[in-house]
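These are my notebook entries on one structure. I set down what I looked up, entry by entry.

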Amino acid sequence: MASLAFSATSTWGSPTYMTLLEKFDGPKNDRSVFGKVNCKKRDLTIANVASKLPVVAPPAPPPTTTKTVENECKLRAWTSIQQERWEGELEVEGEIPLWLNGTYLRNGPGLWHLGEYNFRHLFDGYATLVRLHFENGRLIMGHRQLESEAYKAAKKNNKLCYREFSEVPKPDNFLSYIGDMAKLFSGASLTDNANTGVVKLGDGRVVCLTETIKGSIVVDPATLETIGKFEYDDNFGGLIHSAHPIVTDEEFISLLPDLINPGYTVVRMEPGTNERKYIGRVDCRGGPAPGWVHSFPVTEHYVIVPEMPLRYCAQNLLRAEPTPLYKFEWHPKSKGFIHVVCKASGKLVASVEVPLFVTFHFINAYEETDEDGRIKAVIADCCEHNADTTILEKLRLQHLRSFNGEDVLPDARVGRFIIPLDGSRYGKLEAALNPDEHGKGMDMCSINPAYLGKKYRYAYACGAQRPCNFPNTLTKIDLFEKKAKNWHDEGSVPSEPLFVARPGATREDDGAVISMISDKNGDGYALVLDGTTFEEIARAKFPYGLPYGLHGCWVPKK
Ligand SMILES: CC(=O)/C=C/C=C(C)/C=C/C1=C(C)CCCC1(C)C
Ligand SMILES: CC(/C=C/C=O)=C\C=C\C=O
Ligand SMILES: [Fe+2]
């Protein structure tokens with residue numbers, strides 16, 4: 001990929017600041033030009049930044065536009081990031097609560113082309129990290145590309161070098177094809193493009209993650225610099241894991257799917273170590289391979305292991321061309337199951353058949369007790385796509401870029417699993433509230449982290465105001481009242497709302513909700529909503545619209 005580094009006097013006439021940096025060479029239809037963007041290289045304590053950096057955002061370059069039947073869509077959510085990095089203070093409209101001190105980090109696939117070659121799927125893009133640093137009511141934004149091996153090799157060779165979610169490198173000749181097959185079996189050709197999420201471990205290390213184990217990469221939350229590979233110091237081997245481990249100050253719990261003897265190993269890692277330890281193992285009950293396990297929930301005592309009928313598929317893993325379900329296959333006959341593993345003993349305490357389901361994201365889970373305090377059931381909530389796998393296909397970039405006013409987003413709901421612990425063979429799956437409350441769109445969820453594994457009332461997520469082709473609202477779900485409050489900015493795409501509790505809060509929804517919005521004019525802004533009223537309390541415009549991001553975390557001020 002051609003890249004260009006330059007420095008010049010900034011638009012604001014402050015020669016002490018580096019003007020950016022690197023601009024990507026876009027595909028032919030990308031008319032973007034260099035944005036003149038001020039960026040001080042280091043030493044970004046708020047005092048320094050605030051006193052020296054201009055508050056005004058730089059002029060945005062003309063955005064890439066996508067012609068659709070009825071309108072011209074300027075949305076930046078589905079177009080590649082324009083620059084390698086940027087950092088600066090944003091002008092805040094409204095008031096950021098003074099207690100909101102810390103850094104929101106968000107990861108996601110933000111670069112979807114190499115030269116003229118455009119990637120196929122949302123999940124293929126090279127990881128773009130964004131940080132929103134809140135301090136005393138002020139806000140510094142920064143973004144930077146993650147320097148994974150896959151990204152570095154792509155830049156160096158101007159071509160795809162590792163297997164991404166749907167993209168596979170093209171072999172140069174037959175001999176290299178044979179070599180590629182060997183690399184596939186050893187895992188050497190799998191991507192380490194950690195573009196799914198970012199977590200803060202109990203020891204303070206910040207790690208970007210994806211579904212491949214080698215795609216665990218440590219970054220510096222202050223500079224977004226790539227520090228290096230997170231090496232697991234144990235013998236579990238394997239190539240893939242859940243993209244969403246459960247991470248608290250005390251532990252890191254993950255699931256390792258076993259594609260050879262279908263099942264899952266449940267592991268736990270303590271802060272300050274790189275060694276995962278064995279908790280237990282679940283054998284799959286159906287199908288030729290384990291179900292895709294993008295995420296899973298825990299309760300206070302249990303790890304909940306979902307066995308989704310959308311299963312990994314060895315053949316599809318080997319294929320050069322993607323199938324409609326990519327590396328997966330839908331096996332309705334093999335059924336769906338939920339397994340419950342005791343965290344302390346590793347024993348399987350329940351394994352029930354449940355109705356067919358499709359989910360990327362579990363929201364939370366908790367134990368339900370009887371009058372004597374005995375645990376009688378586990379409740380596990382997820383963003384459930386009505387057992388319809390077409391959502392995966394709907395996340396193709398071509399589809400996302402071509403909204404023409406038709407309502408094409410498949411329906412989704414808060415799917416609530418009820419898993420009895422009395423030895424019953426079946427569990428239930430029902431909608432936790434009427435999906436019309438959130439426009440039958442439901443994904444990208446968060447909760448108050450203090451309620452992880454406990455009975456909880458509120459979930460924050462992206463919902464839908466129809467017609468749409470992607471979730472386009474922020475929604476606060478009240479699971480007790482079975483109601484939702486919705487926030488919407490016509491034509492925009494908000495990213496996952498992250499709830500941050502107010503220090504000292506006693507109410508579950510006492511806090512703020514942070515999201516980043518890609519708006520219909522091609523711009524973008526950080527948004528802060530009040531956790532209780534779900535009303536806007538502040539926003540801050542970005543220098544230019546950013547690509548969609550997936551998951552984030554909160555790093556509180558030390
Ligand atoms: C961004 C996101 O949510 C999911 C990303 C998933 C990825 C990168 C999956 C990659 C995989 C391969 C490259 C081959 C092995 C299977 C699988 C884990 C799906
Ligand atoms: C964007 C997404 C899944 C992301 C995985 O990490 C799902 C969107 C679903 C739409 O309803
Ligand atoms: Fe995810």
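Predicted model: local features only at pLDDT ≥ 70, side-chain atom pairs only at ≥ 80, totals over all residues.

**Entry 1: a residue in a strand**

I looked up Ala540 and found its place in strand β39. Is Ala540 buried or exposed? I recorded Ala540 as buried because its relative accessible area is 1%, and buried means under 20%. I then listed its contacts, leaving aside neighbours within four places in sequence: Leu90, Glu91, Val92, Leu139, Gly524, Tyr525 and Ala526.

**Entry 2: the chain as a whole**

I next turned to the whole chain. The chain has 558 residues, and buried residues make up 60% of them. I found six helices and 40 strands in the chain. Of the contacts between residues at least 6 apart in sequence, 63% join residues at least 24 apart. The accessible surface comes to about 22200 Å², and 51% of that belongs to carbon and sulfur atoms.

**Entry 3: four histidines from the record**

Which residues does UniProt give as "binding site"? The unreviewed entry places this feature at His244, His294, His361 and His551. I noted that these positions are spread over 308 residues of sequence but cluster in space, with a largest C-alpha distance of 12.5 Å.

His244 is found in the loop between β17 (226-229) and β18 (246-247), and His551 lies in the loop between β39 (536-541) and β40 (552-556). His244 counts as buried because its relative accessibility is 16%. His551 likewise counts as buried, at 5% relative accessibility.

Apart from neighbours within four places in sequence, His244 is in contact with Thr196, His294, Ser295, Phe296, His361 and His551. Under the corresponding exclusion, His551 touches several residues, among them Leu105, Arg106, Asn107, Met444 and Glu496. His551 also touches His244, His294 and His361.

**Entry 4: the ligand**

I then looked up the surroundings of ligand 1. How many residues surround ligand 1? I recorded 15, of which the closest are Leu190, Asn195, Thr196, His294 and Leu317. Taken alone, ligand 1 exposes 490 Å², and the protein buries 97% of that area. By class, the shell around ligand 1 has seven nonpolar, four polar and four charged residues.

**Entry 5: a hairpin**

How do strands β33 and β34 pair? Strand β33 (residues 473-478) and strand β34 (residues 483-488) pair in the antiparallel sense, over six bridges. Together β33 and β34 form a hairpin with four residues between them. In the turn, Lys482 has a positive phi of about 60°. I also noted that Lys476 stands opposite Lys485 in β34.

**Entry 6: a helix and the residue after it**

Lastly I looked up helix α2, which covers residues 149-157. Its buried residues are Ala150, Tyr151, Ala153, Ala154 and Lys155. Asn158 follows α2, and its phi is positive, near 55°.

Note on methods
Residues numbered from 1 in each chain as written. Chains lettered and ligands numbered in written order. Heavy atoms only, no water. Pairing = 2+ DSSP bridges. Helix = DSSP H or I, 4+ residues; strand = E, 2+ residues; numbered from the N terminus. Near = heavy atom within 4 Å. Areas by Shrake-Rupley, 256 points an atom, 1.4 Å probe, with all protein chains shown as cover. Nonpolar A, V, L, I, M, F, W, Y, C, P; charged D, E, K, R; others polar. UniProt positions renumbered as here; feature names shortened; annotations may be inferred. Buried < 20%, exposed > 50% of the residue type's maximum accessible area, 1.4 Å probe, protein only. Contact = heavy atoms within 4.5 Å.
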